[in-house]
Amino acid sequence: MHKIASALTIAGTDPTGGAGIQADLKVFQEREVYGMSVITSVVAQNTEGVQDVQHLTVDFIEKQLDAVLTDIPPQAIKTGMIATVEMMELIAKKLKNSTIPYVIDPVMVAKSGHSLMDKTSREVIRQTLIPLATVVTPNVPEAEILVGFDIQTNDDAEKAAKLIVDELGAQAAIVKGGHLTGEAIDVLYDGNELYYFQSERFNTKHTHGTGCTFSAAITAELAKGKSVKDAVELGKAYITKAIEYPLELGKGNGPTNHWGYRLEGLPAQKEIVDK
Ligand SMILES: Nc1ncnc2c1ncn2[C@@H]1O[C@H](COP(=O)(O)OP(=O)(O)O)[C@@H](O)[C@H]1O
Ligand SMILES: Cc1ncc(COP(=O)(O)OP(=O)(O)O)c(N)n1
């Protein structure tokens, strides 16, 4: 029998496949975990932006969650677009006593500028979901909303990551540097140590879904039993290659390339090959 770890994404959709549930499932498949999904909102969007959003009812989201959790319990869970307070409260209720590693990508605004989380929910996520997180993966604008101060330097990112852990109660936080300038540096704090994950910044407009791809890759590695630090290291390698080798799809900001890493491998795979 073939044994495989499973991972669950709870998020919104992207019919062009670059972000949200569709991107997450592609990552899970690529990283060899069995992917499952619970849809929160159906989003009409493409590489040019978000055209419209329809939220599913909390009752129906609960039915989807129960269908998965009572049948195939995942080894890791991630949440992406959780737009309303009621959705957050439901997920908090379901995950409150869980020991399953839980990654929060606190999706608030798409790069096109369209809001994917209502204003009240931005406050409520701090109290309901963040304290349950194994790791939170905000970009700079999201981290600024969570911590309440501007982030312009790596020192600011360190302070933000520490505050999300020490004061908001997450086990770990990684503040992503995609929205800053210079090298693409992400700062992880795991409650004990600070770690920097650094790559060249590629001059490309094809960055739609980078946050979804990165957090899904971290989730996949946690599902396989990796530590947060190792999962982030592999996730960073995966997203870096996904940006470095763009697919050039769409009229706007195109999606990431889920086969990019196959061209050079990820760190752990390189080690295996070297041996
Ligand atoms: N142009 C780029 N070149 C290299 N890495 C990038 C680039 N843009 C974003 N990244 C990386 O992609 C990941 C996602 O970051 P970011 O784009 O900030 O997230 P989000 O999609 O949530 O805004 C991070 O690891 C970040 O450092
Ligand atoms: C359904 C859905 N979820 C999340 C996002 C935002 O994705 P992200 O990875 O932050 O990338 P951008 O879309 O902001 O480029 C989304 N667009 N849709």
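**Entry 1: helix H1**

I began with helix H1, residues 20–30, and found it mostly covered, with 9 of its 11 residues buried. I call a residue buried if 20 or more other C-beta atoms, placed from the backbone, lie within 10 Å of its own. Helices (H or I, at least four residues) and strands (E, at least two) are DSSP runs, numbered from the N terminus.

A note on the source: this is a predicted model, where local features need pLDDT of at least 70, side-chain atom pairs count only at pLDDT 80 or more, and totals for chains, interfaces and linings use all residues. Residues are numbered from 1 along each chain as its sequence is written, while chains are lettered from A and ligands numbered from 1 in the order in which they are written.

I listed the buried residues of H1: Gly 20, Ile 21, Gln 22, Ala 23, Asp 24, Lys 26, Val 27, Phe 28 and Glu 30. Their cover includes strands S1 (6–11), S2 (34–39), S3 and S5 (76–79), along with helix H7. Contact here puts two C-beta atoms, placed from the backbone, within 7 Å. After H1 I noted Glu 32, which has a positive phi, near 65°.

**Entry 2: ligand 2**

Which residues come nearest to ligand 2? I found Gly 12, Ala 19, Gly 20, Lys 111 and Gly 211, out of 20 around it. Near means a C-beta atom, placed from the backbone, within 6 Å. Strand S3 (41–46) and helix H7 (210–223) each supply at least two residues of this shell. H7 has the largest share, 3 residues. By class I read 8 nonpolar, 10 polar and 2 charged residues. Nonpolar covers Ala, Val, Leu, Ile, Met, Phe, Trp, Tyr, Cys and Pro; charged covers Asp, Glu, Lys and Arg; the others, Gly among them, are polar.

**Entry 3: ligand 1**

I then turned to ligand 1, which 19 residues surround; Asn 139, Lys 176, Gly 178, Ala 184 and Gly 211 are the closest. Strand S9 (184–189), H7 and helix H8 (228–244) give two or more residues each. H8 gives the most, with 4 residues. This shell divides into 5 nonpolar, 10 polar and 4 charged residues.

**Entry 4: H5 and H6**

Last, I checked helix H5 (residues 140–147) against helix H6 (residues 154–166): they pack at about 50°, with axes 10 Å apart. Ala 143, Leu 146 and Val 147 in H5 meet Ala 160, Leu 163 and Ile 164 in H6. The residues of this contact are 6 nonpolar, no polar and no charged.

Key: Axes fitted to C-alpha atoms, helices over the stretch in contact; angles between N-to-C directions. Buried ≥ 20, exposed ≤ 12 C-beta atoms within 10 Å, placed from the backbone.
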